[in-house]
Amino acid sequence: MDLARRKGFRVENELSNSVTHVVAENNSCAEILKWLQMHNMEDCSRFRLLDISWLTASMEVGRPVDPEKYHLDAFEVLAENYELRGNDGPCLAFRRAASVLKFLPFTIVRVNDTEGLPWMRDQVKTIIEDIIEDGESSRVTAVLNNENYRSIKLFTSVFGVGLKTSEKWYRMGLRTLEEVKSNKDLKLTRMQRAGLLHYEDLLSYVSKEEADSASLFVKESVQKFSPSALVTLTGGFRRGKTTGHDVDFLITVPGSRQEEEVLHLVIDFWKKQGLLLYYDLIESTFEKTKLPSRKVDAFDHFQKCFIILKLHKGKVDHGSSIISVASAEEEKKDWKAIRVDLVVSPFEQYAFALLGWSGSRQFERDLRRYATHEKKMVLDNHALYDKTKKLFLNAASEEEIFAHLGLDYIEPWERNA
Ligand code: DCT
Ligand code: MG
């Protein structure tokens, strides 16, 4: 606690209304909930319940890191473990369970509380039961303690490092990033070199303030070259998330067929200013004659650019950040590397692009499944095709797409699960 205070965190001894994060060490979720109940604070939506690892990680970087990763979230761990092993079926089942549980408006304290909720299979219920009774699930603990899981998770946390590379490094006996960096035999890609170079910045997550500042900056740059361009914040931040792994933008130019030029102009402009720590510009591969893709998780065909942007801190309004003292090191470096994705869509596909790039991934997947199985339609980031009527359904807004699907409109912040 002293260390946290010295680093500028405000640490309270007593639970009060000003508390925003409750940090626990060596307590089960059930114990904490009981304790909160004793203090008449059952309403957990008022603060975040986190594991001590969140505080240590935050102290390391000198600011609060994305709490999502430090929730006592057993199902994300299991899902991730299956994903890392290329086992998609169980991975999806646990991801579904996780996203249902994460955004529930109430806390599960008994197994019976899961009654009527979707995706609560027996496997899931067994794990919930273990956590409620013993404070942990042996299945989850086993994954967390597994050396292979830990290394693969560490390696894949580097921008540009996928499963294949991680497994290769693991088989080579590598276990830490220091070992990766100092190994002369490794041929790293440009993307991986950038990922390692800016590892800490990229790991510390983008805050809402940083996303807003990046928004202003991107808008300004794009409209410098194309004054009528629309620049829309998409991804997790559009869904109201307060932190993210990147900032996603959708760009379109109403009434123009040359919308793809603007991205090149912006990239050149930033390059000249030395603001591009990494970029990969991919040209559009869209063919009008092709039907929407049948694959539920397919990559789209828009022109896009994956970027590591040098965001100057002067541009960030710290507002009511709980960090009041910046470390000496932080004062020297007045910028932060953040991941930015720019996607360019033709204006007539804008609504589909916006819906697709707003996520969440789970929401998109389920919306597409719904379109396919319930409506005999094919939905992707470019279009909606009605297989019965054999025609494309146009839409100028997200509302119109939901209407075509026979669904009530779902606001972005309700698309987290
Ligand atoms: N998306 C897509 N096609 C891709 C990649 C992403 O349609 N090839 C969609 C799904 C979610 C959305 O775009 C944004 O993707 P992410 O940035 O990966 O997710 P996020 O929800 O913004 O969350 P975060 O960035 O915080 O991890
Ligand atoms: Mg994102």
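How many helices and strands does the secondary structure of the chain come to? Hi everyone, the count is 19 helices and 12 strands, taken as DSSP runs numbered from the N terminus, with at least four residues of H or I for a helix and at least two of E for a strand.

A quick word on conventions. This is a predicted model, so local features need pLDDT of at least 70 and side-chain atom pairs pLDDT 80 or more, while totals for chains, interfaces and linings use all residues. Residues are numbered from 1 along each chain as its sequence is written, chains are lettered from A and ligands numbered from 1 in the order written, and side-chain values use heavy atoms, leaving out hydrogens and water.

Of the chain's 417 residues, 43% count as buried, meaning under 20% relative accessible area with a 1.4 Å probe, protein chains only.

Now to the metal. Ligand 2, a magnesium ion, has Asp 246 (OD) and Asp 248 (OD) as its protein donors, 2.0 to 2.1 Å away; donors are N, O and S atoms within 2.8 Å of the metal (3.2 Å for Na, K and Ca), and water is not among the atoms, so sites may look incomplete. Asp 246 is buried at 7% relative accessible area, and Asp 248 is buried too, at 8%.

Finally, a helix pair. Helix α4 (residues 74-84) packs against helix α5 (residues 88-102) at about 155°, axes 8 Å apart, with axes fitted to C-alpha atoms over the stretch in contact and angles running from 0 to 180 degrees between N-to-C directions. That makes α4 roughly antiparallel to α5, the term for angles over 145 degrees. Thanks, all!

Methods: Angles under 35 degrees count as roughly parallel, over 145 as roughly antiparallel, 65 to 115 as roughly perpendicular and the rest as oblique. Buried means under 20% relative accessible area, exposed over 50%, partly exposed in between (1.4 Å probe, protein chains only).
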